[in-house]
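Open the model in your viewer and get ready to select a few stretches one after another. This short tour tells you where to click and what to look for at each stop.

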Amino acid sequence: MTRGGWLDGRMQITVADAPERERFEARDEAGALAGFVTYQLTGSIIAYTHTEVDPAFEGRGVGSTLARAVMDDARARKRTVVPICPFLADWLVKHPEYEGIVVRSTRKIK
């Protein structure tokens, strides 16, 4: 799966799954790694564990582009998402269109 888009009208970002590294990677048009989302896949359940954006790309929408790409991929593959990553969990609050595939825990960790 590869998805892409233009950020801030100047930079094109492409997001692709790198299953051998258990992560989705966002790269600019020159191939530089702009950011990634790590995951753990068990059957049809995918847990997104961490999102990281290279400091050179921060504030340019790379994190949101990654979040939308991984969620669209999960939906297309009929996976259930466990958002362990705090960035992705916060992003999902603002994007209720993905609620149907997200597992939410009501337990509190003490």
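Start by selecting glutamate 22, which sits in the loop between β2 (11–18) and β3 (23–28). Keep in mind as you look around that this is a predicted model. Check the backbone here: the phi of glutamate 22 is near 50 degrees, a positive value in a residue that is not a glycine.

Next, highlight strand β4 (residues 33–42) together with strand β5 (residues 45–53). The two pair in the antiparallel sense, and eight bridges connect them. To see one of these pairings, pick glutamine 40 and then its bridge partner in β5, alanine 47. Now zoom in on the turn: β4 and β5 form a hairpin with two residues between them. Glycine 43, in that turn, has a positive phi of about 60 degrees.

For an example, click isoleucine 45 and find threonine 80, its bridge partner in β6.

Now bring in helix α1 (residues 62–76). Together, β5, α1 and β6 make a right-handed β-α-β unit. Along the loop between α1 and β6, stop at lysine 78. Lysine 78 is not a glycine, yet its phi is positive, at about 55 degrees. Its relative accessibility is 69%, so lysine 78 counts as exposed.

For the last stop, show α1 alongside helix α2 (residues 86–93). Two packed helices are described by the angle between their axes and the distance between those axes. Here the axes come within 10 Å and cross at roughly 80 degrees, which means that α1 is roughly perpendicular to α2. To view the contact itself, select Gly63, Ser64, Ala67, Arg68 and Met71 in α1, then Phe87, Leu88, Trp91 and Leu92 in α2, which they meet.

Methods:
Residues are numbered from 1 along each chain as its sequence is written. This is a predicted model: local features need pLDDT of at least 70, side-chain atom pairs count only at pLDDT 80 or more; totals for chains, interfaces and linings use all residues. Side-chain values use heavy atoms; hydrogens and water are left out. Axes are lines fitted to C-alpha atoms, for helices over the stretch in contact, and angles run from 0 to 180 degrees between N-to-C directions. Helices (H or I, at least four residues) and strands (E, at least two) are DSSP runs, numbered from the N terminus. Angles under 35 degrees count as roughly parallel, over 145 as roughly antiparallel, 65 to 115 as roughly perpendicular and the rest as oblique. Contact means heavy atoms within 4.5 Å. Two strands pair if DSSP finds at least two bridges between them. A crossover is right-handed if, with the strands pointing away from the viewer, the path from the first strand over the helix to the second runs clockwise. Buried means under 20% relative accessible area, exposed over 50%, partly exposed in between (1.4 Å probe, protein chains only).
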